[in-house]
Amino acid sequence: MGVLLLQSIVTGFMMGGIYGLVILGLSITFGVMQIMNFAQGDFLMLSMYATFFAVTFFHADPYIAIFIVLPVMFLFGAVLFRVLIVHIVPKNQMYQMLFMMGLQYFLQNLALCLFSPDYRFVTGVASGKFINLGPIVIEVSRLIAFVVAIGVTMLVFWFLKSTDTGRAIRAASQDRDAASYSGINVKKMFIFAFGLGVAVTGIGGPLVAPIVPMSPTAGNNYQTYALMAVVLGGLGNINGALISGFIMSIALEIGNAFLPGSLGAVLPFTIFIVVLLFKPEGIWGGKSR
């Protein structure tokens, strides 16, 4: 029992890094434009398919495919914002929410038409390899995904806090008018920020593709738990959202290990409901930019 619990915690902690990428991309979009992006998980799904085709046509390892997928996802996000999302920025939140939910279903059904509902798989250099630490078994693919995800997260935090572009994005998110009067092109910052949010989540595609099968609905679970983590962390609190993402991921693995059948998801949802009942503003309620 104790070994199984510890194994679940370790596995959940490592997968928390992937959830963190979705959460970070979601937080960038919400923090800068105040748009709750219900399609963020589907960007992860699209990057998984991009990884599949990079592996198939270029015979690249999934981890090498990151260098192909990253610019493609950034460009996709920037064009998507410039063509569609820019029109809903000034709208009310209900309109934004309905639009992003529509985009979510559009992307899923587009993937269904283009790629079929069949599961697809890719393998990498680390596939099928494990590290034994006493009774604990660590899958190398999950370990690589965790390390890269944490590294990307730290790099994005550094970029937002220490570079001119990052500071301009933060300024635009805090006060659009003041940023505009200071000479910052707010529209360009929005385009860049949305592209960055999509690209950050897109990095998760090559990392998770060797671990789980891909399908048009592969991003749904990541999207659901990322949204719960953002709410639990306190809307606008990126650090709180990332910590909550690890809590959700570990709770899911523990639920899958100890609850029968498909009831594993009950545990993270129970935590979510209980927290909101007693602390509606989230565990770390308040804004942190």
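Which residue forms a salt bridge with Lys279? Glu281 does, the closest N and O atoms being 3.1 Å apart. This is a predicted model, in which local features need pLDDT of at least 70 and side-chain atom pairs count only at pLDDT 80 or more, while totals for chains, interfaces and linings use all residues. Residues are numbered from 1 along each chain as its sequence is written, and side-chain values use heavy atoms, with hydrogens and water left out.

**Salt bridges**
- A salt bridge is a side-chain nitrogen of Lys or Arg within 4 Å of a carboxyl oxygen of Asp or Glu, and the count by this rule comes to three.
- Buried means under 20% relative accessible area, exposed over 50%, and partly exposed in between (1.4 Å probe, protein chains only).
- Lys279 is partly exposed because its relative accessibility is 31%, and Glu281 is partly exposed at 45%.
- Arg142 pairs with Glu139 in a salt bridge, with the closest N and O atoms 2.9 Å apart.
- Arg142 is buried at 18% relative accessibility, and Glu139 is buried with a relative accessible area of 18%.
- Arg167 forms a salt bridge with Asp164, again described by its closest N and O atoms, 2.9 Å apart.
- Both Arg167 and Asp164 lie in helix H6 (residues 164-174), three residues apart, about one turn of the helix.
- Asp164 is exposed at 61% relative accessible area, whereas Arg167 is partly exposed at 39%.

**Helix H1**
- Helices are DSSP runs (H or I, at least four residues), numbered from the N terminus.
- Ile9 is placed in helix H1 and counts as partly exposed, at 33% relative accessibility.

Technical notes
Helix = DSSP H or I, 4+ residues; strand = E, 2+ residues; numbered from the N terminus.
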